[in-house]
Amino acid sequence: MTMKRALYRSLVLASVLHGSSALAGMPDEIGVPGEIPGAALRAEGAQIYECQLDAANRLVWQAREPAATLMDGDNSVGHHYAALRWEAVDARTLVWEHKDGSSVKARIVARAAGRTEDDLPWLKFGVITQSGNGLLYGVTHVQRINTQGGVVRGPCSQAGTFRSVPYSADYVFWRAE
């Protein structure tokens with residue numbers, strides 16, 4: 001990595017964590033004590049919902065999967081999506097893939113409310129698998145913070161229909177010290 005690129009990445013990470021007051025206002029529920037932030041990437045995309053029956057036999061929107069592009073400044077550097085399990089989407093396991101070949105799969109371990117009722121919650125994920133030796137190598141936790149949008153509104157009236165709601169967020173990738 002060039003010195004200019006390393007400096008830029010440090011500035012992006014600093015702006016995500018400090019400029020946005022994310023650390024100062026970080027909810028305890030999604031904190032990652034004893035670890036250090038290794039990278040921060042912006043995601044721009046959509047949260048996809050599916051109209052399904054709930055336990056009370058009512059049609060409700062259920063989160064199905066994110067579909068987002070990971071950005072480092074103005075550059076597209078990867079993708080964020082739900083994992084597949086037995087040819088079906090596993091909404092509980094999410095994937096972050098970097099263009100350098102590194103990736104992590106993780107599951108939600110904690111959540112905190114978004115800033116407004118229209119913003120997705122802030123989340124902490126525990127990494128369950130990783131691959132590659134790039135930017136995401138050694139990541140143990142991922143935080144989703146600074147969410148904007150992504151919450152579905154309105155009724156669903158037909159099972160099996162989908163709705164895509166635009167969202168953006170910052171993902172912070174944490175490593176053990």
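A: Happy to! A disulfide here is a pair of cysteine sulfur atoms within 2.5 Å. This is a predicted model, where local features need pLDDT of at least 70, side-chain atom pairs count only at pLDDT 80 or more, and totals for chains, interfaces and linings use all residues. Residues are numbered from 1 along each chain as its sequence is written, and side-chain values use heavy atoms, with hydrogens and water left out.

Q: OK, how many disulfides does that rule give?
A: The count comes to one disulfide. C51 is joined to C156, with S to S at 2.4 Å.

Q: Where do C51 and C156 lie?
A: C51 is in strand β1 and C156 is in the loop between β7 (139-149) and β8 (162-176), so the pair ties together parts 105 residues apart in sequence. Strands are DSSP runs (E, at least two residues), numbered from the N terminus.

Q: Is C51 buried or exposed?
A: C51 is buried, at a relative accessible area of 1%. Buried means under 20% relative accessible area, exposed over 50%, and partly exposed in between (1.4 Å probe, protein chains only). C156 counts as buried too, at 10%.

Q: And the handedness of the C51 and C156 link, right or left?
A: Right-handed, with 70 degrees about the S-S bond.

Q: New topic: which residues lie nearest the centre of the largest pocket?
A: Q47, A63, A91, I108 and L123, out of 15 lining residues. A pocket is an open set of points on a 1 Å grid over the protein atoms alone, where a 1.4 Å probe fits, with protein on both sides within 12 Å along at least five of seven lines; lining residues have an atom within 4 Å of a point.

Q: Which strand gives the most to that lining?
A: β2, with four residues.
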